[in-house]
Amino acid sequence: MANVLTPQGEDFPRWYQDVIAKAQLAENGPAKGSQVIRPTGFALWERMVDEMDARIKETGTENASFPLLIPESYFTREADHVEGFAPELWMVTHGGGKELEEKLAIRPTSETIIGEYMAKWVNSYRDLPLLLNQWCNVMRYELRTRLFLRSSEFLWQEGHTVHETYEDAHAFTLRILHDVYADFMENVLALPVLRGIKTEAERFAGALNTFAVEALMRDGKALQMGTSHELGQNFAKAFDIQFQGKDGKQAHGWTTSWGTSTRMVGGLIMGHGDDAGLRVPPNLAPVQALVMVVKDTDEVQAAAKKVYDELKGDGVRVKLDHRGDVAFGRRAVDAELKGYPVRIEIGPRDLKNGEATLVSRVEGTKQTVPLGMLAEAVAAALQGAQDQLWDEAVGRRESLTHDVSTVEEAVEAAQTGYARLPWDACGVEGETKAAQSAVTVRVLQREDGTVPDSLDESGLIAYLARSY
């Protein structure tokens, strides 16, 4: 495999690019910063969408669709928001060969346009909470781009809600963080995440508070995997989102917004991949088991098809590779690169013995299994792979988390993982100092690891790291 991928220990960024290319996940698009997501990469995203969408709907949120083009005037209504996004905006100035009377922004996020329609749809407390989500593409101008991690155009989901009270909005913000984002990332992606609140410097433009989930990659850098924003009444006042309360008086709503993106695919690659390519957790994998014909004979083809049908009938996401005109070794390398959790190899010798070879991508094992016991063996191998990826990720994070007492120590420790430092010993001044060494405060937590309600709480713990 050394001839296929650059080893992680030699050059991690090059390894990352190699995996994306060799596993056929994505390519650079023709416009600067754009990306073409190939079928293998898009299948990973589709599974993420399926799992996330189910969790989002469990909260009572409904999907909708809003325009890609947003009038420039919408952004000027919320001063902090427009200031935060101005450098990232792509603007449309002409249409149909004529200069537009008002420039249109290609959405970088949709608080402004969704706020406009929420104001129309909310009239009474009976209309609340209004819970909306959309799956779409967005564009942000980026100087330095990297496939999946930071591209000018990317795919995501963005949720936007209006609530009757601060307490309801706050609770919903945290519900998304825990029950949707963290639950998906830990139980499906097998990536443990830090849950916490962002500092004022890292807060979403125009938000009251920003909460985030952060994962640690195999090179010791952090990746922000998702954010949930408590917007207070800032956007409600800017877009006049008012309702008549139970007391008959008019009041502004309390809003939230929250999002995750195709950046999670980058997190999957860097969180679990090894020198042989991807390692995809079975709970996520579009292909959990690959049935491979070793030698192209009628008997082998028939046996492989029978195994495929049986596994599919058991609910396994299975794929049949019956290509006789492609060398088996080449196909096996491709399966390793794409990270299929389990391979079932069937050749004439296996068939003669009434068995198949079961290969576990994560555990790196091969075993011969009687054909009649394949279903149980595959189920066990998939569960073992999921558990091992989780255990490895947890162990890595624990070993790369360092307790320190000064900002200087934090900057040094953050070169190889998380530095954990009392926020009182860091503060805004220390945060600024650390940033000069490309180290940022990823999240703040309470001492017991729970998520603070606000930055006003005392005794908070800061996690600092280099990040993507």
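User: How do I read salt bridges here, and how many does the structure hold?

Analyst: The general idea first: you look for a side-chain nitrogen of Lys or Arg within 4 Å of a carboxyl oxygen of Asp or Glu. In this structure there are 27 salt bridges. Keep in mind that this is a predicted model, where local features need pLDDT of at least 70, side-chain atom pairs count only at pLDDT 80 or more, and totals for chains, interfaces and linings use all residues. Residues are numbered from 1 along each chain as its sequence is written, and side-chain values use heavy atoms, with hydrogens and water left out.

User: Let's take one inside a helix. Where do R55 and E51 sit relative to each other?

Analyst: Helices are DSSP runs of H or I with at least four residues, strands are runs of E with at least two, and both are numbered from the N terminus. R55 and E51 are both in helix α2 (residues 39-58), and because they are four residues apart, about one helical turn separates them. Their salt bridge has its closest N and O atoms 2.8 Å apart.

User: Is R55 buried or exposed?

Analyst: Go by relative accessible area: under 20% is buried, over 50% is exposed, and anything in between is partly exposed (1.4 Å probe, protein chains only). R55 comes out at 17%, so it counts as buried.

User: Which parts of the chain does the E214 and K198 pair link?

Analyst: E214 pairs with K198 in a salt bridge, again with 2.8 Å between the closest N and O atoms. This one links distant parts of the chain: E214 is in strand β10 (residues 209-216), while K198 is in the loop between β9 (194-197) and β10, 16 residues apart. E214 is buried at 0% relative accessible area, and K198 counts as buried at 1%.

User: What about R279 and D274: how far apart are N and O?

Analyst: Their side chains meet in a salt bridge at 4.0 Å, N to O. Salt bridges that share partners also join D274, R279, E336, R343, E345, R361 and E392 into one network. R279 is buried at 6%, and D274 counts as buried at 18%.

User: Now the surface. Which residues gather in a patch of negative charge?

Analyst: A patch takes residues with over 30% relative accessible area and no salt bridge, joining like charges within 9 Å (nonpolar side chains, meaning Val, Leu, Ile, Met, Phe, Trp and Tyr, are joined within 5 Å). Here the negative patch is made of D296, D298, E299 and D325. D298 belongs to helix α9 (residues 298-313) and is exposed, with a relative accessible area of 66%.

User: How many disulfides does the count come to?

Analyst: The rule asks for a pair of cysteine sulfur atoms within 2.5 Å. By that rule the count is zero. As for individual cysteines, C136 is buried at 10% and C426 counts as buried at 8%.

User: And the backbone? Which peptide bond is cis?

Analyst: Check omega: the bond from L128 to P129 is cis, with omega near 0°. P129 is placed in the loop between α5 (111-121) and β7 (130-139).

User: What is phi for A190, and what is it for D240?

Analyst: A190 has phi near 60°, a positive value in a residue other than glycine. A190 is in the loop between α6 (166-187) and β9, and at 1% relative accessibility A190 counts as buried. D240 also isn't a glycine, yet has a positive phi of about 55°. D240 is in the loop between α7 (234-238) and β12 (242-244), and is partly exposed at 44%.

Technical notes:
Areas by Shrake-Rupley, 256 points an atom, 1.4 Å probe, with all protein chains shown as cover. Lys, Arg positive; Asp, Glu negative; His and termini not counted. Charge placed at Lys NZ, Arg CZ, Asp CG, Glu CD.
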